[in-house]
Amino acid sequence: MTKIIIVRYVCLTFFGKIIELLILNRIEPNLITCANQFGFKRKHGTDMCVFTRKEIIRYYINHGSVKYVTFLDAFQAYDPVNHTVLLRKLLSAGVPMYLLRLIAFWYCNQFYHVRWDNALSVGFTVSYGVRQGGLLSHLFL
């Protein structure tokens, strides 16, 4: 069976992570999330989410109510993010223009190649999706 592998040449190197960390520290105050979001948030973890879920279930059990639980797997949530829409939302959130230009450059200059067996395609760019493994990506979902 042949595997198709997408190769990213603008990868997240050590220096790329440092740049993303600097950007993250500057834009995070502009991007306020819901109080009920636990993942990818400073000083929040899955333990708080599990505790909250247990307390809600316990409350409804004690009050004799019917309980339904739904789980969401956001594995492919990184793929449908449109770069143009993302940049507009960051602008409306008050992200400074110099950081917006840097993020736009960061995302518009990603080149991908498809490797199929030993063949490598010509490079191409994409206008959707955030960098999986990037320090900024969770904020852009």
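**View 1. The hairpin of β2 and β3, with Asp117 at the turn.** In this predicted model, Asp117 takes a positive phi near 55 degrees. Two residues lie between the strands of this hairpin. Strand β2 covers residues 112–116, and β3 covers residues 119–120. The strands run antiparallel and are joined by two bridges. Look across from Arg115: Leu120 of β3 stands opposite.

**View 2. The two sides of helix α3.** Helix α3 spans residues 83–92. Which of its residues are buried? His83, Leu86 and Leu90 are. These three sit on the same side of α3, because they cover an arc of only 60 degrees around the axis. Arg88, Lys89 and Ser92 are exposed on the other side. The cover over the buried residues includes α4, residues 97–108.

**View 3. The two ends of α3.** Asn82 marks the start of the helix. One of its side-chain oxygens comes to within 2.7 Å of the backbone nitrogen of Thr84. Just after α3 comes Gly94, with a positive phi of about 90 degrees.

**View 4. The whole protein, for orientation.** Four helices and three strands make up the secondary structure. From the N terminus on, their order is β-α-α-α-α-β-β. The protein has 141 residues, and 23% of them are buried. Take the contacts between residues at least 6 apart in sequence: 68% join residues at least 24 apart. The accessible surface is about 10400 Å². Carbon and sulfur atoms account for 64% of that surface.

How values were computed. Residues are numbered from 1 along each chain as its sequence is written. This is a predicted model: local features need pLDDT of at least 70, side-chain atom pairs count only at pLDDT 80 or more; totals for chains, interfaces and linings use all residues. Side-chain values use heavy atoms; hydrogens and water are left out. Two strands pair if DSSP finds at least two bridges between them. Buried means under 20% relative accessible area, exposed over 50%, partly exposed in between (1.4 Å probe, protein chains only). The arc is that of the directions from the helix axis to the C-beta atoms. Contact means heavy atoms within 4.5 Å. A polar contact is a pair of N or O atoms within 3.5 Å; within protein, one must be able to donate a hydrogen and the other to accept it, and residues adjacent in sequence count only if both atoms are side-chain atoms. Accessible areas come from the Shrake-Rupley method with a 1.4 Å probe; for residues, only the protein chains shown count as cover.
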